[in-house]
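Work through the exercises below with the sequence and the coordinates side by side, and try each task before reading its solution.

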Amino acid sequence: MQTTVDDYIRQFKTGYFGPLAQMARLTEEMGELAREINHHYGEKQKKATEPAKAIPEEMGDVLIVLLMMANSLDIDLTEAFEKNMDKFQKRDQFRFERVDGRVGEKKEK
């Protein structure tokens, strides 16, 4: 995904925006996603004049902007994902009730 986004961005002289501009874009896209979630699952209904947007479309926008930001900061998201999943799997292995019924060992104080 990062390569596809990079190929797209490299078509344009502007290139990647700076980190603060990208953070602003990411925040904007997250707000749009939050709005759609609120309309779909919350009490706030859309106005009749508002266009219909889908949650997957808004998630896609968030993902694209995140990929752009990672590329511009030279961050390999596959590597970041693998490190974070390893951390979650170790730290939170028994944090929540498991489907398989396994429980973790209690640590001594």
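The model is predicted, so local features need pLDDT of at least 70 and side-chain atom pairs count only at pLDDT 80 or more, while totals for chains, interfaces and linings use all residues. Residues are numbered from 1 along each chain as its sequence is written, and side-chain values use heavy atoms, with hydrogens and water left out.

**Exercise 1.** Determine which residues Asn-71 touches beyond four places away in sequence.

Solution. Begin with helix 3 (residues 55–72), where Asn-71 is found; helices are DSSP runs of H or I, at least four residues, numbered from the N terminus. Next, list the contacts (heavy atoms within 4.5 Å), which are Gln-2, Val-5, Asp-6 and Tyr-16. Finally, note that the C-alpha atoms of Asn-71 and Gln-2 are separated by 6.7 Å, although these residues lie 69 residues apart along the chain.

**Exercise 2.** Check the span of helix 2 (residues 19–41) against its number of residues.

Solution. Take 1.5 Å times one less than the number of residues as the expected span. For the 23 residues of helix 2 this should give 33 Å, and the end C-alpha atoms are 32 Å apart, which agrees.

**Exercise 3.** Classify Arg-10 and Asp-6 as buried or exposed, and find what joins their side chains.

Solution. Apply the cut-offs for relative accessible area, with buried under 20%, exposed over 50% and partly exposed in between (1.4 Å probe, protein chains only). Arg-10 is exposed because its value is 62%, whereas Asp-6, at 17%, is buried. Their side chains meet in a salt bridge of 2.6 Å, N to O, the term meaning a side-chain nitrogen of Lys or Arg within 4 Å of a carboxyl oxygen of Asp or Glu.

Note on methods:
Helices (H or I, at least four residues) and strands (E, at least two) are DSSP runs, numbered from the N terminus.
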